[in-house]
Amino acid sequence: MRLPHILPLRALVVGAAAALVTTGLGATGVLQPAELQGLDRLFEVRGPRTPAAPIVIVAVDEGSFDELDVSWPFPRALHACLLDRISADRPLLIGLDLLFPEPSARGVQDDRALGDAVARARHVVLGAAASVVVEEVAGVTVVKEDVNLPLPAIRRGAAAVGVLNLPRDADAHVRRAGLQGRAGGAPQPGFDAALHRLAAARGLPVAPWPAGGEIVINFRGGPGTFRWIPYHRVVRDEVPPGTFRDRIVLIGPTSEALQDVFATPFAPGGDMPGVEIHANVLDTLIGGDGIRPLPTGARLALVVLAAVGAATVA
């Protein structure tokens, strides 16, 4: 006659044990890969969205290599010509997702031409990058920071310099963006954070600055969601007047041959250009709609409730 009372008690004990185990797994990060995959599936269910911020990409694409018949890296004087063409159309800002840490192989005049164009355009954000190299020297582990700041001759007239590094999760996907980094031993704003600050200063309505040192990117879609204009068309003045007027213009490689491509929720195959990821980050910052994870306490409480609820139903 006591069997009906024993079974619910046993189910409750099993449920409590399951809740404890699941809570422990969540607290130690073991469930994070499943959470990240779940986030990717939610993006798939939601589908692409039209970007809201006035962002356009000038793409260093395969067609530009064919049309210009110039090997990479392009002459910096050619980049200078590009900046002059864009700035003549009075854009809001220009961001270069390119690195210029070493003197040009074409001579000091090449560097000076780009530096002069940056100064003429005035509202230009240049990119920097930092990488950590770990070496074994005589049995001792040595950690070195490889700094890639733009040359002084190029950055002297820039409005800002921002760190381009994109953090990757354990599965090598990009889902987050840092708002601050380090380059040259000193803190530097993130590339998109610098653009956000300058856009606000120039009168573009932007959302308040998010709390914390990074955001989870609210991706608008896959490659090509933002408008791409081929580099060679701009250099050859084949773009209609007004194309860049009051817009944030991001310049960067989109050709997979240049290996600046990453995996994202909308590009699991790893073909999202870094410059378009920065466009997504900037659109997220301007719109203020970054993905907000639940606080740890609330997430663990939901896990416990789900486990107990499942045990009760059983």
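I started with Asp-69, which is exposed at a relative accessible area of 69%. This is a predicted model, so I keep that in mind throughout. I checked the backbone there: Asp-69 has a positive phi of about 55°, though it is not a glycine. I placed Asp-69 in the loop between H3 and H4.

In that loop, between helix H3 (62–68) and H4, I also found Pro-73.

Next I looked for another positive phi in a residue other than glycine, and Asp-237 has one, near 60°. Asp-237 is in the loop between helix H8 (231–235) and strand E11 (248–253).

Then I went on to helix H4, residues 76–87. I get twelve residues and 16 Å from first C-alpha to last, close to the 16 Å expected at 1.5 Å a residue. I listed the buried residues of H4 as Arg-76, Leu-78, His-79, Ala-80, Leu-82, Leu-83 and Ile-86.

Last came the helix pair. How do H7 and H9 pack? I have helix H7 (residues 191–201) and helix H9 (residues 274–287) at an angle of about 45°, axes 9 Å apart. H7 and H9 are therefore oblique to each other, and their crossing is right-handed. On the H7 side I noted Phe-191, Asp-192, Ala-193, Leu-195 and His-196, which meet His-278, Val-281, Leu-282, Leu-285 and Ile-286 of H9. I sorted the residues of this contact into seven nonpolar, two polar and one charged.

How values were computed. Residues numbered from 1 in each chain as written. Predicted model: local features only at pLDDT ≥ 70, side-chain atom pairs only at ≥ 80, totals over all residues. Heavy atoms only, no water. Axes fitted to C-alpha atoms, helices over the stretch in contact; angles between N-to-C directions. Helix = DSSP H or I, 4+ residues; strand = E, 2+ residues; numbered from the N terminus. Parallel < 35°, antiparallel > 145°, perpendicular 65-115°, else oblique. Left-handed = near helix turned anticlockwise from the far one by under 90°. Contact = heavy atoms within 4.5 Å. Nonpolar A, V, L, I, M, F, W, Y, C, P; charged D, E, K, R; others polar. Expected span 1.5 Å × (residues − 1). Buried < 20%, exposed > 50% of the residue type's maximum accessible area, 1.4 Å probe, protein only.
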